[in-house]
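Please examine the sequence and the model below.

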Amino acid sequence: PSRILIDPGHGGDDPGCMYQGARESYLTLATAKALSQTLAAMGFKVALTRDRNIFVPLEKRSAMAASWKADLFVSLHINSVGSTAIRGPETHVFPPRYAPPTKTSETISEAHPGQAAAAASACLGYELQKALEAVTRESGRSLKHSNFFVLRETPCPAALVELGYISHPQERAQLLSSAHQKALALAIASGIRRYRDRRQAIR
């Protein structure tokens, strides 16, 4: 893989999670820009589904992966829950056909573009989650199978990364920090590089 499409979640009139003035759409964009610079320095070709605070429909994000001929698609998001105790990154990939998402027993029997790269997506997601846990020193959220639109409809290996919990006080402070955003970006870039090395070793 050499062409990486980064998808900062939400944007424009869709702010995503908000907590005490912090907005998911701003934080994902800031981290995506740091990730873009890191990947470019590693020699990857990089594009973003948005580079400013605008709304991009989900179907357009997946279509961009196809039209730009992306080798990998990585969508960035931030979690929020009612509890202030839950923290840590988690990574989502689309399940193989007839396999259920993590939180349900209902299988997905219909064919979708994301299933063609399910095995590669799982490998990508594993490397991203492992790299993020090493940086944040938080484990337990794990790699999950999820029926998200951008995973389901994107025709290349794809992963959706929840960078942390905006509802957790300490983690929210970290997510607002440019230094932490750069650390997360470096972790994701390292995970992508390890994924690339694995694929090259197989070939």
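Angles under 35 degrees count as roughly parallel, over 145 as roughly antiparallel, 65 to 115 as roughly perpendicular, and the rest as oblique. The model shown here is a predicted one. In it, helix 3 (residues 118–136) packs with helix 6 (residues 178–202) at an angle of about 140°, and their axes are 8 Å apart. Helix 3 and helix 6 are therefore oblique to each other. The crossing of helix 3 with helix 6 is right-handed. Helix 3 contributes residues to this contact that include Ala 120, Leu 124, Leu 128 and Val 135, while those from helix 6 include Ala 183, Ala 187, Ile 188 and Tyr 195. The residues of the contact comprise 14 nonpolar, 3 polar and 5 charged.

The second topic is the loops. Thr 154 is found in the loop between helix 4 (149–152) and strand 8 (158–165). Is Thr 154 buried or exposed? Its relative accessibility is 0%, so Thr 154 counts as buried. A polar atom of the Thr 154 side chain lies 2.4 Å from the backbone oxygen of Val 150. Leaving aside residues up to four places away in sequence, Thr 154 touches Ser 62, Ala 65, Phe 73, Pro 113 and Gly 114.

Ala 70 belongs to another part of the chain, in the loop between helix 2 (58–67) and strand 5 (72–79). With a relative accessible area of 10%, Ala 70 is buried. When residues up to four places away in sequence are not counted, Ala 70 touches Arg 3, Leu 5, Ala 65 and Cys 156. Ala 70 and Thr 154 are 84 residues apart along the chain, and their C-alpha atoms are separated by 9.7 Å.

Terms used:
Residues are numbered from 1 along each chain as its sequence is written. This is a predicted model: local features need pLDDT of at least 70, side-chain atom pairs count only at pLDDT 80 or more; totals for chains, interfaces and linings use all residues. Side-chain values use heavy atoms; hydrogens and water are left out. Helices (H or I, at least four residues) and strands (E, at least two) are DSSP runs, numbered from the N terminus. Buried means under 20% relative accessible area, exposed over 50%, partly exposed in between (1.4 Å probe, protein chains only). A polar contact is a pair of N or O atoms within 3.5 Å; within protein, one must be able to donate a hydrogen and the other to accept it, and residues adjacent in sequence count only if both atoms are side-chain atoms. Contact means heavy atoms within 4.5 Å. Axes are lines fitted to C-alpha atoms, for helices over the stretch in contact, and angles run from 0 to 180 degrees between N-to-C directions. A crossing is left-handed if the near helix is turned anticlockwise from the far one by less than a right angle, and right-handed if clockwise. Ala, Val, Leu, Ile, Met, Phe, Trp, Tyr, Cys and Pro count as nonpolar, Asp, Glu, Lys and Arg as charged, and the others, Gly among them, as polar.
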